[in-house]
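Please read the following report alongside the sequence and the model. It treats strands, core, rings and charges in turn.

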Amino acid sequence: MTRYFIIVALFIFQYSTSQTILGKWKTVDDATGEEKSIVEIYKKDGKVFGKIIEIFDASKRDLPCNFCKGDDYNQPVLGLEIIKNMEKVGDAYKKGSITNPEDGKVYDCRLKLDESNSNKLQVRGYVAFFYRTQYWIRAN
């Protein structure tokens, strides 16, 4: 009986943890399919943020964000908080921003788990009704 309880508890734990955007995600270049970095998404003061915690290309690990503005200007890309102030709205997170550290541009952002695969995160940056979508993969 204890064995069944443990199996059910593990299943429930796995299901509940896989249904959140919080955690570590591999960023994937939408044009090339290349895995570029790992972003950790976390809650802080009731909002959701994300920072780069690993960069796969060793030649880019120590680069500063030369094109970023404000407090992010010239900060190391590794450790940079690129997702800021996201709020849960329905089944997505919105009302925040995402920064592209390659060019310093800041976009309105929407984060949403893929409906068919909770290990896939839809990351959409947009200006007005123009947008670009990437899919990130949950990192183990």
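The sections below describe the model and the criteria used for it.

## Basis of the model

This is a predicted model, in which local features need pLDDT of at least 70 and side-chain atom pairs count only at pLDDT 80 or more, while totals for chains, interfaces and linings use all residues. Residues are numbered from 1 along each chain as its sequence is written, and side-chain values use heavy atoms, with hydrogens and water left out.

## Strand pairing

Strands here are DSSP runs of E with at least two residues, numbered from the N terminus, and two of them pair if DSSP finds at least two bridges between them. By that criterion β3 and β4 are antiparallel partners over three bridges, and Val 48 stands opposite Met 86 in β4.

Strand β4 is also joined to β5 (residues 92-99), with five bridges in the antiparallel sense, and Lys 84 faces Ser 97 of β5. These two strands, β4 and β5, form a hairpin with two residues between them, and Gly 90 in the turn has a positive phi of about 65°.

## Nonpolar core

A nonpolar core is a set of buried Ala, Val, Leu, Ile, Met, Phe, Trp, Tyr and Cys residues joined through side-chain atoms within 4.5 Å, where buried means under 20% relative accessible area, exposed means over 50%, and partly exposed lies in between (1.4 Å probe, protein chains only). The largest such core holds 22 residues, of which Ile 21, Ile 41, Ile 83, Leu 111, Leu 121 and Trp 136 touch the most other members. At least two residues of this core come from each of β2 (35-44), β3, β4, β5, β6 (106-114) and β7 (117-127).

Which residues does Ile 83 contact, leaving aside its neighbours within four places in sequence? With contact taken as heavy atoms within 4.5 Å, the partners of Ile 83 are Val 39, Ile 41, Val 48, Phe 49, Gly 50, Ser 97, Ile 98, Leu 111 and Trp 136.

## Aromatic rings and charges above them

Rings of Phe, Tyr and Trp (its six-membered ring) pair if their centres lie within 6.5 Å, and the planes count as stacked under 30 degrees apart, as edge-to-face over 60 and as tilted for the rest. The structure holds two aromatic pairs. Tyr 42 and Phe 49 form a stacked pair, with 6.3 Å from centre to centre and 20° between the planes.

Phe 49 counts as buried at 8% relative accessibility, and Lys 44 lies over the face of Phe 49, at 4.5 Å from the ring centre. A charge is taken to sit over a ring if NZ of Lys or CZ of Arg is within 6 Å of the ring centre and within 35 degrees of the ring normal. The charged end of Arg 124 likewise sits over the ring of Tyr 131, 4.1 Å from its centre.

## Salt bridges

A salt bridge requires a side-chain nitrogen of Lys or Arg within 4 Å of a carboxyl oxygen of Asp or Glu, and the count by this rule comes to nine. Lys 84 and Asp 72 form one of them, with their closest N and O atoms 2.7 Å apart. That pair links distant parts of the chain, as Lys 84 belongs to β4 (residues 81-89) and Asp 72 to the loop between β3 (47-55) and β4, twelve residues apart. Asp 72 is buried, with a relative accessible area of 13%.

In another salt bridge, between Lys 112 and Glu 115, the closest N and O atoms are 3.2 Å apart; Lys 112 counts as buried at 15% relative accessibility, whereas Glu 115 is exposed at 71%.

Definitions and conventions. Helices (H or I, at least four residues) and strands (E, at least two) are DSSP runs, numbered from the N terminus.
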